[in-house]
Structure formats: C-alpha cells, structure tokens
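Hi,

Here is the structure I promised to pass on. Have a look at it first, and my notes follow below.

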Amino acid sequence: MAKEYGHYDDAAREYVITDPCTPWPWINYLGTEDFFGLISNTAGGYSFCKDAKFRRITRYRYNGVPMDAGGRYFYIKDGDTVWNPGWKPCKTPLDFYECRHGMNYTSIEGRKDGVTAKVLFFVPLKTWAEVQKLTLTNTTDKTRKLKLFSFQEWCLWNASTDMENFQRNFSTGEVEIDGSVIYHKTEYKERRNHYAYYSVNVPVQGFDTDRESFLGLYNGFDAPQAVLEGKPRGSVAHGWSPIASHYLEIELKPGQSRDLIFVLGYVENAQDDKWESKGVINKRMARETLSRLDTSAKVDAEFKRLCQYWDNLLQIFSVKSADERLDRTVNIWNQYQCMITFCFSRSASFFESGIGRGMGFRDSNQDLIGFVHQIPERARERIIDIASTQFADGGCYHQYQPLTKRGNDGIGGGFNDDPMWLIFGVCGYLRETGDFSILDEPVPFDNVPGSEKSLFEHLTISFDHVVNNLGPHGLPLIGRADWNDCLNLNCFSNDPDESFQTTENKTEGSKAESLMIAGLFVFSGRDYVELCRQLGKNAEADRAQKHIDAMIAAVEKYGWDGNWFLRAYDYYGRKVGSHENEEGQIFIESNGWCTMAGIGLKEGLCDKALDSVKERLDSEHGIVLNNPAFTKYYIEYGEISSYPAGYKENAGIFCHNNPWVIIGETVRGNGKAAMEYWRKICPAYIKDQTLHKVEPYVYSQMVAGKDAFRPGEGKNSWLTGTAAWNWYTITQFILGIKPTYNGLVIDPCISPDMKDFTVTRKFRGATYEIEIKNPNGATHGIKSITVDGKEICGNLIPIAAEGSLVHVTAVLQ
Ligand code: BGC
Ligand code: NOJ
C-alpha cells in the first residue's frame with residue numbers, strides 16, 4: 001500500500017490532509033468573486049483582488065527554497081518552543097496536524113503540548129477580505145501563557161514589478177497603524193486609491209510592520225528574531241519591505257478556548273474621497289467591513305452563508321451510484337474545480353505565477369461548459385467579455401487581461417482554432433439556459449466602441465474564419481497553432497531567447513493544415529447549424545451544412561492515414577502524425593475530435609482510429625498525446641519537440657484531451673472503454689499519492705506519459721480545461737444527461753459493471769429525478785423511459801414547468 005497523506009471526507013465535502021509534508025504543496029482557493037487567495041496545506045500562498053498581477057496584496061516566493069515560502073503565518077511561542085498551526089515555517093514537530101480543504105475554505109489545525117490552534121480561512125461572500133478565525137484551546141489542566149504573533153508580508157501591488165524594480169521598491173513602502181489594524185498604503189499618495197489592511201478584533205500588546213525588524217536581516221520565516229525573543233519591535237516601515245504582524249499575550253485557563261478574528265482586507269476609495277486628513281488614508285470602508293466581522297457569531301454566520309452558497313451550487317447536479325469515487329468526483333470535486341477554473345482561468349496556481357498570462361480565449365470558452373449550470377448569469381457576462389476581444393475577421397486575441405478585459409498584445413492572435421471555441425461555448429450556454437436573448441447583444445470587436453455586431457454575427461464570423469482560411473487540401477490552416485499551442489508549424493525558431501508562442505508566424509505561403517481544427521469544425525459547426533435551425537435561419541443552416549459536408553469529405557480524402565486520422569500537414573505540405581513519420585506518428589487531438597464528430601463512423605474509420613489510439617497511445621495512467629515521442633528538435637514542429645519525451649505536449653498525458661477520445665468511444669457505443677479511460681485520469685482513483693505528487697483531489701494539466709522518466713507523476717494541477725472537459729464527459733456522455741434546446745436527452749454510455757444510478761438534475765427551473773436501471777449489464781441503448789409513470793417515445797424529456805419535480809425512469813437494454 002502506497003503512503004497516503006490524506007483522505008476524503010465526503011459528508012463534509014472536504015479533503016483531509018493528515019501529514020503536512022506532502023510531496024508538493026497541496027493547495028486550495030479562497031474567494032468566489034473579486035477577492036481571492038491561494039492557500040497551501042501549511043498556510044502558504046497569497047491573496048489578490050481581481051487580478052493576480054496588478055492587485056497582488058501579499059507576497060509569495062515562487063520557485064523558492066525551501067518550497068512554499070510566504071503565507072499567512074501564526075507563530076505561537078510557548079516557553080522556549082515556537083510552533084505554527086500549519087507546521088511551516090518553523091517546522092516544529094506537532095503532536096497533531098490536520099488540514100481540511102473544503103469548498104472555498106481551508107481549516108488548519110495544529111496541536112503542541114496540550115495547546116490546540118485551529119485556523120479557519122475563508123472569504124465571506126461579496127466581501128473584499130479574508131477571514132482567519134484562530135481558535136486557541138488549552139486542553140491541559142494548567143493555566144497556559146502564550147505569546148502569539150501573526151504575520152503577513154505585503155506585496156507592493158504589481159506582482160511583476162514587485163519582483164524586479166528594487167531600486168524603486170525599497171524606498172516606496174508605507175504603512176499606517178491604527179490600534180489593531182495595520183494598513184498598507186504604498187503608492188497611495190500618488191496614483192493609487194486602494195490600500196490593504198490586516199487586523200485582529202482585540203487590542204494588541206505590540207506589532208511590527210517592517211520585515212527586517214521582525215525577522216532579522218539574515219533570518220528566514222522559520223526564525224523571526226522578534227518571535228524567538230518574544231519581543232515585538234513596534235517597527236514602522238519606511239521603505240524596504242513592509243509587513244503586518246500583531247503581537248498578543250494570551251492566557252488560557254485549563255480547558256479554555258479563545259477565538260481571535262484576523263481580517264486581511266482591501267479597499268478602493270473614490271478619487272475625491274481618498275483622505276481622512278492630510279496624509280491619512282480614508283479608512284471608512286475598512287472599518288465597515290471590520291465591523292461586519294468582529295465577533296465569532298458574525299464570522300460563523302458568514303461562514304454558514306458560504307457553505308449554503310455551495311449547497312445551492314452543488315444540488316443542481318448530483319449522482320448516486322454504487323461507486324463512491326464516481327459520486328465524489330461528480331458531486332463535489334469536479335464541480336468545485338470547474339468553478340475554480342472559472343474564477344482563475346489558469347492565471348494563478350502554484351504552477352502559474354499570476355503574472356505571465358491572462359485569460360485564454362479558447363480556454364475560457366471551454367471552461368463555460370463546466371460552470372454554466374451553476375452560475376448562468378456570470379457565464380453570460382463571461383461570454384460577452386470573451387467575444388469582445390474577437391477581431392472583425394473572426395480571428396481572436398489569444399488571451400485577455402481580467403482587470404482590463406482587453407486583448408493581450410504580447411501574445412496577439414492567429415491561433416486558428418480560437419474562433420470555433422466561441423461557438424462551442426455559446427451553444428453550451430444556450431442549451432443550458434435557453435437564453436436566446438444573448439444572441440442579440442451588441443458585442444464590439446477588439447473592444448472598439450462603435451464596432452458592435454450582434455453576438456450571433458460573431459458566431460457566423462467565427463464559423464467563416466475557418467471557411468476563409470482553408471489550405472491546399474481544403475482543411476483548416478493552423479495559423480500559429482491550434483489547441484496544442486506547442487505544435488508550431490509556422491514558427492521555425494532557432495533563437496533560444498524567443499517564445500515559441502509569440503515568435504514569427506510564417507503563414508504567408510504556408511501549407512500547414514490541422515486535422516484537429518477540422519474535427520472541431522465539424523463537431524461545433526453542427527452546433528452552429530442546429531442553432532440556425534432553432535432560430536429559423538434555414539438558409540444560413542443550409543449554407544453552413546455545405547461547408548461541413550465539404551470538410552468531412554476533405555478529412556476522409558486527405559486526413560486519413562490508413563489506421564488513424566493524420567494530425568496535420570506541415571508548412572511544406574508534408575504529413576504530420578502519419579505512419580510515414582519517424583516520430584510522432586499518431587496524435588490524440590485529431591483522433592479525438594474526428595471520432596467525436598463521427599467522421600467516417602459508418603465506413604469504420606472511427607473504429608479503426610480508436611483501436612489505434614488504444615494500441616499506440618494508451619498507458620497505465622492515461623492516453624498520451626503522441627507516439628513515438630519526439631527525441632530531437634524538429635524546427636518545423638516547434639515547441640512540442642522541445643520537451644523531453646513523455647512530458648507536456650511531447651507525449652505527456654494531457655488530462656484535458658483524454659475526454660475527446662472518451663467521447664469518441666461513446667460515439668461508437670463503447671462504454672467499457674470510455675469509463676476505463678475516464679477512471680485512469682480521474683483523481684479519485686489515484687493509487688499512489690507519492691508518485692502522483694500533486695493534489696489528489698483535482699485534475700492536473702498533465703501527468704507524465706509512458707516515455708517519461710517517472711510515468712504517472714502529475715504537474716500543473718488545478719488550472720486546466722481538464723475540469724470542464726471531464727465534467728462535460730462524465731455528465732453528458734457517460735452518465736448521459738444532456739441539456740438540449742428542447743429538454744434533457746437521456747443517453748448513458750457506461751461500463752457494463754455499472755449498476756443502477758440516480759441523477760438529480762435541475763434544469764430550466766424544474767428538478768428531474770432520473771433513475772437509470774441497468775438490469776442486464778448493458779453499456780448503452782435505452783429500452784424504455786417513463787416520465788412521471790408514463791412511458792414516452794424516444795429519449796427526450798421535455799422541459800417541465802418551473803418549480804416542478806419530474807420522476808424519470810430509464811431502463812437500459
Ligand atoms: C505550454 C502550454 C501553454 C503555453 C501558453 C507552453 O509553454 O507548454 O501548455 O499553453 O505555454 O501558456
Ligand atoms: C495550455 C493552454 O492554456 C491551452 O489553451 C492549450 O490548449 C494547452 N496548453 C495545450 O497546449
């Protein structure tokens with residue numbers, strides 16, 4: 001039995017970590033809107049408001065030694081012993097340690113010599129502040145006197161210049177201290193009208209706001225001089241590195257427990273209301289927030305509200321089956337990760353600094369299908385934001401900045417799969433909500449006022465962007481790249497100092513075509529056709545259908561390699577992903593998309609392609625991206641061949657694209673294979689936590705593939721389109737509950753060992769209790785369906801009246 005660092009507590013919807021020394025920091029996210037925090041199992045991490053780059057509140061050290069440095073630290077000095085409830089940074093051995101990561105909250109408990117310190121971290125709904133409720137308990141029969149120091153280190157706002165511009169930074173830091181509240185106001189005097197604060201709800205016996213005074217210049221977080229000596233310095237930061245630390249002397253009688261409420265908050269003032277008096281910041285809003293959070297009762301009520309918020313979100317879709325791992329994935333962790341992906345869109349994690357990239361165009365569109373059932377209003381807003389960064393010719397900025405919502409010039413456009421994802425995302429939204437009014441919304445191009453066209457026209461332009469950019473075989477030109485943004489067929493980079501993503505894009509005269517975009521075009525193009533018909537735009541539907549038919553014909557004629565779908569044609573028009581190639585003979589993306597789209601299904605192409613995937617790409621930990629892995633640099637392929645074999649896009653297991661094959665398997669009715677593949681990458685089924693290394697409760701972007709040095713090792717956890725794709729796959733294609741314009745379609749495709757299960761699904765205001773019976777161990781195909789006791793024809797459950805409860809029983813073949 002491999003070593004376990006924790007386990008699930010499904011009833012509490014928590015993952016419980018019992019050993020602080022996890023193989024990598026196992027993190028969680030705080031906050032649901034605007035104010036966010038990343039928190040590791042030892043309380044490491046940082047906070048920001050709205051934008052991890054521009055409004056960074058506290059400092060974190062990426063890639064530091066020791067690992068995971070910087071965080072929300074409490075130091076307890078008990079005689080000569082100094083310890084932290086989360087073990088780090090002092091790493092004093094604890095008598096008991098437990099970290100519970102829940103839905104947007106984390107609680108960490110440590111016990112040492114009969115004193116328990118438990119901290120609950122969360123961001124109350126609609127609040128720009130993080131609460132840290134510390135409960136200290138004396139479990140012994142002696143009175144205990146403790147010295148408590150809190151600690152936060154301020155980041156000088158822009159997380160990027162904070163790490164670079166020291167000649168300025170070391171002179172700008174400013175704070176104000178007002179009773180138990182420490183205010184961080186660097187740059188407030190001039191162009192900023194925001195500040196942060198850190199408070200505790202009782203009078204303090206001391207404080208520090210200057211890092212050097214608190215730590216000692218050559219000490220680490222594990223040995224702050226002030227703590228070791230038990231003496232706060234009362235320092236006031238002037239430049240250098242401002243911090244916030246409270247000092248409290250605590251006496252606990254035998255059995256006594258005491259709550260202390262720390263609040264880390266952020267305020268934006270109006271320009272003409274910035275000051276209380278000359279040089280003194282206006283603290284009204286901070287005080288208002290603090291007054292809402294100054295007692296345990298108020299904080300507990302806020303915490304309850306957060307839990308209720310999650311109750312509501314998670315009751316929209318839930319399953320009850322005989323497999324608890326499936327249930328916890330669907331009912332808790334997969335949905336949770338989808339919401340996290342929505343909030344962060346991969347911009348901040350322990351693998352992404354929050355500085356390097358904003359929101360991806362393709363990424364954000366795909367993410368929509370993971371959270372649209374939960375927060376449709378915010379999905380609507382997101383769609384408009386995304387579409388506003390599109391160009392008039394249908395091309396798209398590849399990324400945009402969440403704070404400004406403007407396209408990111410650094411990366412620009414030219415990724416030719418991007419436009420089709422808009423159709424994918426919008427149709428997902430429409431099926432869930434039936435809100436066709438969004439299609440009439442005026443949406444600008446590149447955010448230029450006056451350029452607005454309806455969202456529907458954006459979809460048409462997106463569709464036509466593919467049609468207008470076909471290559472010599474009638475297949476879509478790839479541009480800078482498609483979903484695989486490391487297959488850079490037009491880049492030819494010889495310069496180690498340039499990024500593959502932004503370097504020259506030699507599309508002039510290029511013959512580089514993508515079979516993945518071809519499959520995506522057929523799959524999502526059909527969505528476009530269906531939508532047109534739904535809207536009564538039949539001429540447009542017919543026009544689009546012709547292009548889809550032509551694409552199918554082109555794929556069958558030029559995209560088939562004999563046993564699988566080619567991946568692409570390169571700049572010179574040579575095959576990529578063919579048995580004729582020396583390396584990279586077969587790829588997952590094109591085979592996933594073309595089988596999802598059912599191209600050549602009748603002619604047996606899908607069967608052959610999926611069998612080849614099984615034979616060449618499958619492994620113990622999931623399906624690798626390509627095979628054989630590239631072992632040398634191919635300048636005409638770009639970044640993909642820069643990775644060592646088995647990692648990332650070079651034959652790593654991209655959890656994001658495994659679902660494409662899984663859905664492909666459901667298209668041919670192979671529920672057994674579909675579920676086998678799904679279980680291989682689903683975190684709830686991870687066997688070896690030490691090998692997997694990253695959080696066992698969420699999907700990672702990549703797991704090292706079979707050619708890697710350590711197959712099965714996970715990387716880039718949390719922020720990946722994997723969450724949405726697996727959600728889409730398990731709920732719509734495996735459990736088979738599909739939202740459509742006219743109701744829910746029931747069409748499971750499961751493993752024959754899967755017995756009866758029940759799905760509860762809220763849809764358009766009604767609740768459906770859907771019982772699926774599988775008496776004969778079938779994989780798919782419905783024998784009969786009753787709706788409220790009456791048998792119906794077909795498998796579409798019509799939309800019921802709002803507020804009603806509908807009982808559906810479906811019996812498989
Ligand atoms: C990574 C990709 C990522 C891209 C853009 C590449 O280096 O391998 O996975 O999408 O950078 O951030
Ligand atoms: C990460 C990017 O965010 C995503 O857009 C891309 O498709 C994958 N990497 C695969 O390259």
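A quick definition before the ligand: by polar contact I mean a pair of N or O atoms within 3.5 Å; within protein, one must be able to donate a hydrogen and the other to accept it, and residues adjacent in sequence count only if both atoms are side-chain atoms. This is a predicted model, where local features need pLDDT of at least 70, side-chain atom pairs count only at pLDDT 80 or more, and totals for chains, interfaces and linings use all residues. Residues are numbered from 1 along each chain as its sequence is written, chains are lettered from A and ligands numbered from 1 in the order in which they are written, and side-chain values use heavy atoms, with hydrogens and water left out.

Now the ligand. In the side chain of Q701, an N or O atom sits 3.3 Å from an oxygen atom of ligand 1. For E639, the distance from a side-chain N or O atom to a ligand 1 oxygen is 2.6 Å, and for a polar side-chain atom of K648 it is 2.8 Å. The protein buries 74% of the 310 Å² that ligand 1 exposes when taken alone (Shrake-Rupley areas, 1.4 Å probe).

Who else is around? With a heavy atom within 4 Å as the criterion, the shell of ligand 1 also includes R357, D485, C486, Q501, Y643 and E649. By class, that shell has 5 charged, 2 polar and 2 nonpolar residues (Asp, Glu, Lys and Arg are charged; Ala, Val, Leu, Ile, Met, Phe, Trp, Tyr, Cys and Pro nonpolar; the others, Gly among them, polar).

On to F521, which belongs to helix α12 (residues 515-534); helices here are DSSP runs of H or I, at least four residues, and strands are E runs of at least two, numbered from the N terminus. F521 counts as buried because its relative accessibility is 1% (buried is under 20%, exposed over 50%, partly exposed in between; 1.4 Å probe, protein chains only). Beyond its neighbours within four places in sequence, F521 has contacts (heavy atoms within 4.5 Å) that include M420, F463, H547 and M551. Its C-alpha lies 8.6 Å from that of D417, 104 residues away along the chain.

Last, a strand pair: β22 (residues 317-320) runs antiparallel to β37 (residues 757-763), with 4 bridges (pairing takes at least two DSSP bridges). V319 has V759 of β37 as its bridge partner. On β22, F317 and V319 form the covered face, while S318 and K320 are on the uncovered one.

Cheers
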